[in-house]
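Here are a few exercises to work through with the structure beside you. Try each task yourself before reading its solution.

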Amino acid sequence: MHLEYTVVEGDFVNAGIASSSVKKTLKQLNVNPTVIKRVVVALYEAEVNAIAHAYGGKVLIDIDPQKICMTVADKGPGIPDIALAMQEGYSTARPEVRDMGFGAGMGLPNMQKNVDHLNVTSEVNKGTTVEMEVYFQ
């Protein structure tokens with residue numbers, strides 16, 4: 001099963017649309033609730049990062065009987081130092097994003113904690129791609 005969603009820069013009102021839709025789909029497929037929670041946390045964090053830090057992008061979801069593969073690809077400023085961005089509390093969020101309660105620097109670390117596989121690639125002034133996998137067993 002393949003699903004696609006669009007992420008719009010700065011659209012915090014619709015943050016979580018993809019993760020909510022995926023949650024509903026996984027429930028219909030009778031996926032273990034603990035696995036669903038891990039998927040939703042990781043995907044929501046990736047969605048919010050694309051909304052807060054980039055100029056829009058895509059969420060691509062592929063579900064097969066063994067796992068869910070999630071890709072969030074954005075067009076944005078990119079991440080100059082991925083290792084630094086993976087540290088809890090590190091954030092480049094603008095003040096207005098922080099004022100809304102986002103930008104605490106937990107996005108990438110929370111993704112890492114909730115998935116079985118995480119790959120982050122980024123090119124400065126081009127964008128970032130976050131690939132995640134969660135296995136159903």
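**Exercise 1. Find the order of the strands in the sheet, and say which strands stand at the edges.**

Step 1: Five strands make up an open sheet, ordered β1-β2-β3-β5-β4 with antiparallel pairing. Strands here are DSSP runs of E of at least two residues, helices are runs of H or I of at least four, and both are numbered from the N terminus; two strands pair if DSSP finds at least two bridges between them.

Step 2: β1 (2–7) and β4 (117–123) each have a single partner strand, so one side of each has no neighbour in the sheet.

Step 3: On average, neighbouring strands are turned by 10° against each other, direction ignored.

A word on the source: this is a predicted model, in which local features need pLDDT of at least 70 and side-chain atom pairs count only at pLDDT 80 or more, while totals for chains, interfaces and linings use all residues. Residues are numbered from 1 along each chain as its sequence is written, and side-chain values use heavy atoms, leaving out hydrogens and water.

**Exercise 2. Describe how β3 pairs with β5, and which helices lie on the sheet.**

Step 1: β3 (residues 67–74) and β5 (residues 127–135) pair in the antiparallel sense over eight bridges. In this pairing, T71 stands opposite E131 in β5.

Step 2: Helix α2 (residues 33–53) lies across β1, β2 (57–63), β3 and β5, and runs at about 175° to β5. Such angles run from 0 to 180 degrees between N-to-C directions, with axes fitted to C-alpha atoms, for helices over the stretch in contact.

Step 3: Helix α5 (residues 107–114) also packs on the sheet, where it touches β4 and β5. Contact means heavy atoms within 4.5 Å.

**Exercise 3. Locate the salt bridges: how many are there in the whole structure?**

Step 1: The search finds two, a salt bridge being a side-chain nitrogen of Lys or Arg within 4 Å of a carboxyl oxygen of Asp or Glu.

Step 2: One joins D116 to R38, with the closest N and O atoms 3.0 Å apart. D116 sits in the loop between α5 and β4 and R38 in helix α2, 78 residues apart.

Step 3: K67 bridges to D64, with 3.4 Å between the closest N and O atoms.

**Exercise 4. Is N114 buried or exposed, and what does N114 touch?**

Step 1: N114 is in helix α5.

Step 2: Its relative accessibility is 16%, so N114 counts as buried (under 20%; exposed is over 50%, partly exposed in between, with a 1.4 Å probe and protein chains only).

Step 3: Beyond neighbours within four places in sequence, N114 contacts R38, V41, A42 and V134.
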